[in-house]
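Q: I would like to learn how to read a sheet, strand by strand. Could we begin with what it takes for strands to pair?

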Amino acid sequence: MQVTLRVNGKLSEVPPSFIGRRLLDYLRAELGLTGVKEGCGEGDCGACTVLVEGQPMCSCLLLTGVLDGREITTIEGLPETFLAQFSAACAEYGAVQCGYCTPGIAVMAAWLQAGGSEVSAQPITKLLEGNLCRCTGYQQIIEALSALQ
Ligand code: FES
Ligand code: FES
(Lines give C-alpha, C1' and ligand atoms only; values in the text may rest on other atoms or scores of the structure.)
(Ligands and ions follow the chains in the order given, each with its own letter.)
Protein backbone atom coordinates (compact mmCIF):
# COMPACT_ATOMS: atom_id res chain seq x y z
CA MET A 1 0.00 0.00 0.00
CA GLN A 2 1.37 3.36 -0.97
CA VAL A 3 0.19 6.57 0.65
CA THR A 4 1.27 9.96 -0.61
CA LEU A 5 0.23 13.26 0.92
CA ARG A 6 0.87 16.81 -0.14
CA VAL A 7 2.06 18.53 3.02
CA ASN A 8 2.54 22.28 2.92
CA GLY A 9 2.76 22.10 -0.85
CA LYS A 10 5.31 19.27 -1.05
CA LEU A 11 4.58 15.68 -2.04
CA SER A 12 5.42 13.32 0.77
CA GLU A 13 5.40 9.54 0.54
CA VAL A 14 4.42 8.00 3.87
CA PRO A 15 6.76 5.22 5.07
CA PRO A 16 4.95 1.93 5.85
CA SER A 17 5.68 2.37 9.54
CA PHE A 18 3.48 5.48 9.65
CA ILE A 19 0.57 4.30 7.54
CA GLY A 20 -1.28 2.93 10.56
CA ARG A 21 -0.39 5.84 12.81
CA ARG A 22 -1.97 9.20 13.43
CA LEU A 23 -1.39 12.10 11.09
CA LEU A 24 -0.15 14.03 14.15
CA ASP A 25 2.66 11.50 14.64
CA TYR A 26 3.65 11.54 11.00
CA LEU A 27 3.79 15.33 10.84
CA ARG A 28 5.82 15.70 14.00
CA ALA A 29 8.05 12.63 14.12
CA GLU A 30 8.70 12.03 10.44
CA LEU A 31 8.41 15.46 8.86
CA GLY A 32 9.60 17.50 11.83
CA LEU A 33 6.57 19.79 11.72
CA THR A 34 6.54 20.36 15.46
CA GLY A 35 4.32 23.42 15.22
CA VAL A 36 1.53 20.85 15.34
CA LYS A 37 1.04 20.21 19.04
CA GLU A 38 -0.39 17.30 20.97
CA GLY A 39 -2.57 18.19 23.91
CA CYS A 40 -5.34 15.76 24.73
CA GLY A 41 -4.82 13.28 21.91
CA GLU A 42 -8.58 12.74 21.88
CA GLY A 43 -10.01 15.45 19.64
CA ASP A 44 -10.95 17.81 22.45
CA CYS A 45 -8.31 20.53 22.67
CA GLY A 46 -7.54 21.62 19.09
CA ALA A 47 -3.78 21.95 19.66
CA CYS A 48 -3.18 19.55 16.78
CA THR A 49 -5.42 21.37 14.26
CA VAL A 50 -4.33 21.27 10.63
CA LEU A 51 -6.14 21.94 7.37
CA VAL A 52 -7.11 18.88 5.34
CA GLU A 53 -8.25 19.96 1.90
CA GLY A 54 -8.72 23.41 3.40
CA GLN A 55 -10.89 22.27 6.32
CA PRO A 56 -9.71 22.40 9.95
CA MET A 57 -9.37 18.96 11.49
CA CYS A 58 -7.72 17.37 14.52
CA SER A 59 -4.64 15.52 13.31
CA CYS A 60 -4.73 13.33 16.42
CA LEU A 61 -7.95 11.74 15.16
CA LEU A 62 -6.85 10.99 11.59
CA LEU A 63 -5.03 7.87 10.47
CA THR A 64 -2.37 8.71 7.92
CA GLY A 65 -3.23 5.68 5.83
CA VAL A 66 -6.71 6.95 4.90
CA LEU A 67 -5.47 10.31 3.67
CA ASP A 68 -3.85 9.25 0.42
CA GLY A 69 -3.74 12.12 -2.04
CA ARG A 70 -4.95 14.73 0.44
CA GLU A 71 -3.59 18.23 0.85
CA ILE A 72 -2.45 18.95 4.41
CA THR A 73 -1.49 22.37 5.73
CA THR A 74 0.15 22.94 9.10
CA ILE A 75 1.08 26.23 10.72
CA GLU A 76 4.46 25.92 9.01
CA GLY A 77 2.70 26.03 5.63
CA LEU A 78 0.60 29.12 6.23
CA PRO A 79 1.58 32.16 4.14
CA GLU A 80 4.18 34.41 5.75
CA THR A 81 2.01 37.46 5.16
CA PHE A 82 -0.80 35.83 7.11
CA LEU A 83 1.51 34.77 9.94
CA ALA A 84 2.83 38.32 10.21
CA GLN A 85 -0.73 39.66 10.46
CA PHE A 86 -1.68 36.97 12.96
CA SER A 87 1.38 37.63 15.14
CA ALA A 88 0.72 41.37 15.13
CA ALA A 89 -2.94 40.87 16.10
CA CYS A 90 -1.98 38.45 18.88
CA ALA A 91 0.56 40.94 20.23
CA GLU A 92 -1.89 43.83 20.04
CA TYR A 93 -4.67 42.01 21.88
CA GLY A 94 -2.56 39.91 24.24
CA ALA A 95 -3.78 36.65 22.72
CA VAL A 96 -0.69 34.54 23.51
CA GLN A 97 0.67 33.53 26.88
CA CYS A 98 2.30 30.07 27.03
CA GLY A 99 1.64 29.65 23.30
CA TYR A 100 0.78 25.97 23.33
CA CYS A 101 -2.65 26.51 21.80
CA THR A 102 -1.42 29.14 19.37
CA PRO A 103 -0.53 26.98 16.32
CA GLY A 104 -4.00 25.45 16.32
CA ILE A 105 -5.56 28.89 16.74
CA ALA A 106 -3.41 30.19 13.86
CA VAL A 107 -4.69 27.44 11.57
CA MET A 108 -8.27 28.28 12.56
CA ALA A 109 -7.58 31.96 11.97
CA ALA A 110 -6.23 31.24 8.50
CA TRP A 111 -9.32 29.19 7.71
CA LEU A 112 -11.58 31.97 8.98
CA GLN A 113 -9.76 34.59 6.96
CA ALA A 114 -10.08 32.41 3.86
CA GLY A 115 -13.85 32.46 4.26
CA GLY A 116 -14.45 29.63 6.67
CA SER A 117 -16.75 31.70 8.87
CA GLU A 118 -19.02 32.45 5.89
CA VAL A 119 -19.16 28.79 4.97
CA SER A 120 -20.14 27.75 8.47
CA ALA A 121 -22.25 30.87 9.21
CA GLN A 122 -21.32 30.63 12.88
CA PRO A 123 -19.73 33.28 15.10
CA ILE A 124 -16.01 33.04 15.93
CA THR A 125 -16.81 32.18 19.53
CA LYS A 126 -18.70 29.10 18.36
CA LEU A 127 -16.06 28.10 15.82
CA LEU A 128 -13.32 28.23 18.45
CA GLU A 129 -15.13 25.96 20.89
CA GLY A 130 -12.81 23.12 19.86
CA ASN A 131 -9.63 25.09 20.59
CA LEU A 132 -8.89 25.13 24.30
CA CYS A 133 -6.64 27.73 25.93
CA ARG A 134 -5.65 27.40 29.55
CA CYS A 135 -4.11 30.85 29.80
CA THR A 136 -5.82 33.75 28.12
CA GLY A 137 -9.49 33.45 28.98
CA TYR A 138 -10.37 33.47 25.24
CA GLN A 139 -11.56 37.08 24.97
CA GLN A 140 -8.16 38.25 23.72
CA ILE A 141 -8.07 35.47 21.14
CA ILE A 142 -11.55 36.34 19.90
CA GLU A 143 -10.57 39.98 19.60
CA ALA A 144 -7.36 39.15 17.72
CA LEU A 145 -9.15 36.87 15.28
CA SER A 146 -11.97 39.35 14.78
CA ALA A 147 -9.39 41.98 13.85
CA LEU A 148 -8.07 39.70 11.10
CA GLN A 149 -11.43 39.27 9.36
S1 FES B 1 -4.35 16.73 20.60
FE2 FES B 1 -5.78 16.63 19.02
S3 FES B 1 -7.55 17.60 19.76
FE4 FES B 1 -6.18 17.58 21.45
S1 FES C 1 -1.80 30.64 25.56
FE2 FES C 1 -1.43 28.96 26.91
S3 FES C 1 -2.87 27.48 26.30
FE4 FES C 1 -3.40 29.21 25.14
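A: Two strands are said to pair if DSSP finds at least two bridges between them. Please keep in mind that this is a predicted model. Here 2 bridges join strand β3 (residues 49–52) to strand β5 (residues 71–73), and these strands run antiparallel; within β5, I72 is the residue that stands opposite V52.

Q: In what order do the 5 strands lie in the sheet?

A: The order is β2-β1-β5-β3-β4, in an open sheet whose pairing is mixed. The edge strands, each of which pairs on one side only, are β2 (10–13) and β4 (55–58), and from one strand to the next the twist averages 40°.

Q: In which sense does β1 pair with β2, and in which sense with β5?

A: With β2, the pairing of β1 is antiparallel and extends over 4 bridges, and L5 stands opposite S12 in β2. With β5, the pairing of β1 is parallel and extends over 2 bridges, and R6 has E71 as its bridge partner in β5.

Q: Which residue takes a positive phi in the hairpin of β1 and β2?

A: That residue is N8, with a phi near 50°, in a hairpin that has 2 residues between the strands.

Note on methods
Residues numbered from 1 in each chain as written. Chains lettered and ligands numbered in written order. Predicted model: local features only at pLDDT ≥ 70, side-chain atom pairs only at ≥ 80, totals over all residues. Axes fitted to C-alpha atoms, helices over the stretch in contact; angles between N-to-C directions.
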